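Colleague: I have not seen this structure before. Please take me through some of the terms used for it, and set each value against its definition.

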Amino acid sequence: MIHDVVVIGAGPAGMSAAVHLRKFGASVLVVDEQPAPGGQIWRGIERNASGAIAAALGADYEKGRALTAAFRASGAEYSPSTQVWQIEDEWTLFLTSEGKARRVRARAVLLSNGAQERPVPFAGWTLPGVMTVGAAQILLKSGGMLPQGNVWIAGAGPLPLLYATQVLGLKGQISGFLDTSKGLNLGALAKLPAAWRDLPSLAKGFKWQRELRRSGNLIRGISDLRAEGDGRLQQLEWTAGGVRRKAKADVLLVHEGVVPRIHETLALGCDHDWNSTQNYFAARSNRWGETSRRGLFVAGDASGIGGWTAATVSGEIAALGLAGHLGIQIDIEALRRESQLDGRRSRALALRPFLDAFYTPPNTSIADDVVVCRCEEVTAGTIRKVARTSASDPNAIKAATRCGMGPCQGRQCGYTVQAILAEVHNLPVGDVSFFNIRPPLKPVTLGEIASLGELENAE
Amino acid sequence: MKADLLVIGGGLHGLSAALQSARHGVSVILVERHFLGRHASGATAAGVRTLGRHPAELPLSLEAAATWHAMKDLVGDDCGFNACGQLQVAEDEAALAKIKDRVSRLEAQGFTHERLIGSNELHSLVPDLAPHCLGAAWTVDDGSADPHRTIGAFRDAAIAAGVQILERCLVTGLVRHSSHWLAQTSRGVIEAGLIVNAAGAWADQVAALAGDPVHQAIRTSMMVVTERTSARVKPVVSSLGQKLSFKQTVQGTLVIGGGSQGKLAPDRQSASVDMVALAASVGAAVRLIPAVEGIRIVRTWAGMEAMTPDHLPVIGFSHRVEGLIHAFGFSGHGFQLVPSVGRAVADLVCQGSTDHDLSAFDVTRIAIERAAA
């Protein structure tokens with residue numbers, strides 16, 4: 001059978017789109033890598049129904065309950081714990097769940113697969129004991145796990161503040177918070193008036209900061225972070241106020257913001273735009289969320305970081321766009337107006353310019369001895385050396401150094417290679433492209449691919 | 001800009017011809033529209049194979065084989081060449097009969113590079129090989145190389161020999177004057193006495209610009225590379241009648257190819273993977289070496305290369321235009337030939353002739369008749 005729409009990702013945008021597409025009568029398959037709906041923001045929402053963890057996760061988390069229930073009741077077919085590892089034209093999707101590969105067909109595809117944390121290499125970032133705040137929050141949401149020992153957080157952005165508040169709420173310990181943000185700058189202040197339109201979120205951020213400051217160790221304006229240890233993390237070093245400092249550490253949680261997932265749209269050759277405030281690529285889409293490829297839509301953080309409220313609205317807008325694409329007889333312009341989708345989205349995004357200007361991505365040059373590509377263990381020094389004699393194309397670096405050739409397909413090193421090429425060739429970062437992305441989008445076994453041929457023979 | 005020779009195409013064949021011409025004192029500019037090795041040279045499985053070669057290619061292939069064993073002498077690096085041997089396995093009696101026939105015909109002509117081996121020797125060479133394999137042709141001096149290291153070595157050697165390399169340089173027009181060419185490029189006009197067309201999948205466009213239009217197809221062979229795994233297969237393994245070649249790199253990754261074709265974009269500028277077609281090659285690999293079934297693929301791709309109807313390359317002078325030498329159309333098996341074809345082309349550049357018989361590679365085979373003016 002051919003699905004009207006395959007939705008990739010069951011977070012705020014994907015669930016919202018699925019619920020509305022079902023209302024319009026479209027057949028929908030939602031595939032998601034997680035075992036339960038909710039995405040990253042509402043991970044484990046159905047199991048964390050009550051108790052201390054649910055309370056600590058806060059009010060925004062609680063808001064996912066209604067949408068998740070509506071999604072469950074929508075009649076959309078739902079395939080959890082499923083990876084999409086290849087998307088081919090007009091539209092065939094290759095999926096794997098429980099170790100078995102299969103193919104599904106669709107008239108249209110919605111990518112609502114969210115964001116990933118921006119990888120920022122620094123000395124010692126590959127040591128056991130160093131992980132991202134996002135990964136730590138996954139452990140919290142899925143099993144109530146708190147980090148143990150001397151726990152440090154380093155980074156910038158709303159997520160580390162939120163996570164620290166959640167940990168403190170569960171009586172967890174945090175030895176210190178190394179704030180890498182530049183503090184209130186002119187650019188951020190200029191965006192502040194517009195941000196008042198989303199007063200609750202702004203107030204929330206200040207509350208998080210206040211709680212953290214009250215807990216003790218909030219250290220501002222740090223640089224040159226270094227994680228050290230013999231086989232695992234044992235201590236940290238950083239510079240603050242011109243002084244080099246050290247501390248014992250068992251766990252270091254890092255975070256420098258999030259960037260859209262773009263491997264799918266890159267692999268499909270969609271046009272992308274460079275976001276020069278936040279230094280990321282996002283697939284270019286029209287006012288309905290349709291990319292430069294007809295029938296391929298994008299919504300939520302995958303189309304540019306906007307947070308969960310904006311994501312639910314953009315899912316609703318994409319549902320209308322998809323209905324139009326499918327030829328469903330509804331007046332999509334009228335529905336867009338009646339549901340005030342544009343007003344709701346612009347309110348949801350009101351704080352974003354302030355946040356983006358406040359939490360600018362790090363732009364310090366990465367030292368030569370730092371590993372950039374974790375899969376193939378390629379250092380910044382190696383990349384720099386090759387970049388000096390190669391074209392300013394990340395694919396030339398990949399060919400010459402194996403950087404980006406490992407299982408993560410450059411998800412960890414892509415932007416760093418781009419930044420180093422820009423530095424060496426003296427170009428604006430956004431003028432350097434990204435790696436060519438080759439299938440599979442996720443690792444898949446030889447046996448699984450071979451079984452596709454058998455399917456073909458059986459047909 | 002001005003040189004004796006303009007090489008169009010920064011793949012391995014272009015680099016090899018440029019390098020070996022420059023070593024004879026010829027001034028060379030090489031232009032590449034993307035970056036060196038962007039297409040077939042970077043997408044290749046890098047098999048170094050005399051096994052199963054067309055008889056017309058054998059002299060070039062055997063000369064190249066000798067050079068691969070002494071690659072350091074040519075480019076100062078061994079290019080990651082690993083003389084692990086190549087096996088062409090027979091999975092049934094019919095395949096075995098074909099292999100026997102070919103090896104005995106080669107022996108009758110005095111060629112001894114291929115040897116027939118039985119099931120016992122075959123399974124001792126590759127213990128993981130499925131039991132149904134009956135025998136194989138075995139070329140002990142063949143092997144495989146590292147394509148990116150090869151590109152780097154040829155580039156460095158070419159630069160050291162004085163070749164001027166211009167990347168991101170697209171040729172947009174070629175005009176022949178009485179004694180020289182004027183090439184319009186995206187990086188300016190280049191004047192050269194001779195042109196070598198080594199533009200791979202785009203060689204027909206260069207030929208058309210030069211006034212020697214040809215018809216060629218484009219091959220879009222797909223490849224698979226897996227995560228690293230413990231060493232299990234030493235030789236490069238193929239199977240007669242199957243679209244399969246299988247090897248394990250020194251990094252421990254498995255590389256599976258063999259000619260399953262991807263999808264060529266309508267504008268013929270790019271190719272993408274056709275996963276169902278690829279499943280045939282992967283299925284053949286799993287049937288041949290069942291132990292690899294659980295290994296994860298990390299990347300697949302479709303390379304692009306010019307293909308002729310008889311799958312033989314085009315090497316030699318244009319007959320319709322003065323000062324134009326073609327070297328393209330390797331149809332998916334040109335990697336091994338890089339050192340010898342580069343030498344032959346350099347001979348044509350420097351002396352106007354070569355000791356190799358190039359008649360089977362004549363461009364007339366694929367020429368398009370020009371409409372009468």
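Colleague: What stands opposite Thr445(A) in β19(B)?

Modeller: Arg296(B) stands opposite Thr445(A). This is a predicted model, in which local features need pLDDT of at least 70 and side-chain atom pairs count only at pLDDT 80 or more, while totals for chains, interfaces and linings use all residues. Residues are numbered from 1 along each chain as its sequence is written, and chains are lettered from A and ligands numbered from 1 in the order in which they are written.

Colleague: How do you know that strand β22 of chain A pairs with β19(B)?

Modeller: Two strands pair if DSSP finds at least two bridges between them. Two bridges join β22 (residues 444-445) of chain A to β19(B), so the two strands count as paired. They run antiparallel.

Colleague: How many residues of chain B are in contact with chain A?

Modeller: 29 residues of chain B are in contact with 26 residues of chain A; contact means that the C-beta atoms, placed from the backbone, lie within 7 Å. On the side of chain B that touches chain A, α9(B) gives the most, with nine residues.

Colleague: Why is α10(B) called largely enclosed?

Modeller: 11 of its 14 residues are buried, so the rest of the structure largely encloses α10(B). A residue is buried if 20 or more other C-beta atoms lie within 10 Å of its own, exposed if 12 or fewer, and partly exposed in between, with C-beta atoms placed from the backbone. Among the buried ones are Val338(B), Arg343(B) and Leu348(B).

Colleague: What is the span of α10(B) set against?

Modeller: The expected span is 1.5 Å times one less than the number of residues. Helix α10 (residues 338-351) of chain B reaches 20 Å from its first C-alpha to its last, close to the 20 Å expected. Gly352(B) follows α10(B), with a positive phi near 85°.

Colleague: Which strands are the edge strands of the open sheet in chain A?

Modeller: The sheet has five strands in the order β8-β15-β9-β10-β11 (chain A), with parallel pairing. Its edge strands are β8 (130-132) and β11 (218-219) of chain A, as each pairs on one side only. Within the sheet, six bridges join β9 (residues 151-156) to β15 (residues 251-256) of chain A, and Ala154(A) has Val254(A) as its bridge partner.

How values were computed
Helix = DSSP H or I, 4+ residues; strand = E, 2+ residues; numbered from the N terminus. Contact = placed C-beta atoms within 7 Å.
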